[in-house]
Amino acid sequence: MTDLFEFKNNNETNNAAPPKSNVPEFSVGDLALSLKRTLEENFGHVRVRGELSRVSIAGSGHMYTSLKDDQALIDAVCWKGVLNRLSVRPEEGLEVIVTGKISSYPKSSKYQLVIESMELAGEGALLKMLEERKKKLAAEGLFDQGRKKRLPFVPNVIGVVTSPTGAVIRDILHRLQDRFPRHVIVWPVLVQGTGAAEQVARAIEGFDSLPDNGPITKPDLIIVARGGGSLEDLMPFNEEIVARAIATCKTPIISAVGHETDTTLADYAADYRAPTPTAAAEVAVPHRRDLMAQILDDKKRLLNGLNRLLNESRHKLEAQGARLGDPSRLLENKVQNTDFLGQKLEQVFKNFIQTKDAQLQRTAARITHPRHQIDQANQRLQNWSDQLLKTRTRLTEKKLDQLNSYARLLDSLSYEKILKRGYVVVRDTNDKPISDPNAISDAQDLQLEFADNKRVHVQSQ
Amino acid sequence: MNAATPVETLSFEDALGELEGIVKTLETGQTKLEDSIGQYERGIALKNHCEKKLREAQAKIEKITVGSDGSVSTAPLDPPQ
């Protein structure tokens, strides 16, 4: 109600304005200055949340920008001296909470926010900013694996960029002492808050630019370390200046920032990211005891290797020697071969002779002595003559028998024989046998002949 | 690894690497006998060199001090307890 009433009142007052004499008349300059004063009095200390827009740093070193949200936009300026101390590096699109005052620039009467400090608007905004920064640096190739340098196996001098007090340096030194004591040079830096990023970057560049043979031995390994903390605490190690210093450093760098779960842009840029400072020391140097053991083992293997080689060579030699053979044995073999062949030769020769002998025997058997031939001829002659003799006898006997038979036949056929059987031969007086009975006349004398030539004269009647 | 490099000039890592190489070569038994003796001798020299390097290891802790003119110098740092 009161507001309404006052509003009405104001309206009435305004409505009652037309008589101009009641209103004081300002010069433009007065009004501008008055406005400026009013603004600075009423808005002398404000905290404004918004997104940075149109960030530009003029040649003078002052930064001109705007803060905006989805409804409005306010110009803002950050003087050079303040800009360098800001814990946040202003970037386009960054969501920030800015502390400062509203003022106006009388020459144009445009009001602006004069930034005195700046912080990121919450973790989400911070992470978003980091993500974008990371993308940007990655696109430049700062995190490329190809850029990563190999860490020395055993560094001679280790440069440590960290706070000279506190647990971090103590942890690193202790772990180094345990594993492999080394020459350590600490470059003390602020590890959080305003200016920390610049100090860290400068320390890295400082180590890297030490002359090789200067009074200070140049480290051949750098450890950039910081203990755990909030995201804001770790911010220096997310700054571009640190990431770039690490990426361009020619000396190999191990980063160990925060706890294991924290990963800063420094970690991405480093050649090796150790989860903790202690782990960084472990990565930096091998365990001396292990190396000692390894060397002892190597020595043993060296000796064994040589011994085995010698043994193998000896065995090979012996084996080859054995294969070479005993010369006398070789000779024995030869002798045996000769003996064998000799025996064989003898045997073959004997067989040959025997064969030939048999042949000779066979052939010789076919040759006969002349005497033998004569004997044989005699024999044959004898045979034949015997044969002949036998034949002759047989022939004569045969003839004799024939003769005898003929004789007997003749005998039997003789007239005397007939006479003996009673027959007579009739004959005439002239002694002539009469065979024809008709030829006999009655008056004729006959003679009868009987056997044994007995004759009887028969006279006619 | 160049066998002609004097052992004394080798870094620990190079010496150890060469020692390992010699050990492996000898273990394969592929080496010529004369070479193997040379290798053994060099292996022993490398081993002694490595041991010496390991014995020499000692802590020395310094702190960088940046002067007003930007020059750097070192001073011993007492390790924080």
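## Close-up views of pockets, cores and a cavity

Buried residues make up 32% of chain A's 461 residues, where buried means under 20% relative accessible area (1.4 Å probe, protein chains only). This is a predicted model, with pLDDT of at least 70 needed for local features and 80 or more for side-chain atom pairs, while totals for chains, interfaces and linings use all residues. Residues are numbered from 1 along each chain as its sequence is written, chains are lettered from A and ligands numbered from 1 in the order written, and side-chain values use heavy atoms, leaving out hydrogens and water.

**View 1. The largest pocket of the model, with about 440 Å³ of space.** Its 25 lining residues include A:L86, A:S87, A:V88, A:R89 and A:E239, which are the closest to the centre. A pocket here is an open set of points on a 1 Å grid over the protein atoms alone, with protein on both sides within 12 Å along at least five of seven lines, and a lining residue has an atom within 4 Å of a point. Grid points are joined across faces, edges and corners, and the volume is the space filled by probe spheres set on them. Three residues come from α6(A), the top contributor to this lining; helices are DSSP runs of H or I with at least four residues, strands are runs of E with at least two, and both are numbered from the N terminus. Domain 1 (29-121) and domain 2 (155-285) of chain A both supply lining residues, so the pocket sits between them. Those bounds come from an automatic or database domain assignment.

**View 2. The second largest pocket, with about 320 Å³ of space.** Of its 18 lining residues, A:V154, A:N156, A:R182, B:F12 and B:K53 are the closest to the centre. The elements giving two or more residues to this lining are α1 (12-28) and α2 (33-56) of chain B. By class, the lining splits into seven nonpolar, four polar and seven charged residues, counting Ala, Val, Leu, Ile, Met, Phe, Trp, Tyr, Cys and Pro as nonpolar, Asp, Glu, Lys and Arg as charged, and the others, Gly among them, as polar.

**View 3. The largest nonpolar core, 44 residues in all.** A:I158, A:I172, A:V184, A:I223, A:I254 and B:F12 touch the most other members, and α1(B) gives the largest share, seven residues. A core is a set of buried Ala, Val, Leu, Ile, Met, Phe, Trp, Tyr and Cys residues joined through side-chain atoms within 4.5 Å. Beyond four places in sequence, the contacts of A:I158 include A:L176, A:V184, A:L221 and A:V285, a contact being heavy atoms within 4.5 Å.

**View 4. A:A266 in helix α8 (residues 265-269) of chain A.** Leaving out residues up to four places away, A:A266 touches A:F237, A:V242, A:I246 and A:S255. Between A:A266 and A:R244, 22 residues apart in sequence, the C-alpha to C-alpha distance is 8.4 Å.

**View 5. The largest cavity, with about 30 Å³ of space.** In a cavity, a 1.4 Å probe fits but cannot get out. The structure holds one cavity of 30 Å³ or more. A:L142, A:R147, A:K148, A:K149, A:I246, A:A247, A:A269 and A:D271 line the largest cavity, giving four nonpolar, no polar and four charged residues.

Terms used: Buried means under 20% relative accessible area, exposed over 50%, partly exposed in between (1.4 Å probe, protein chains only).
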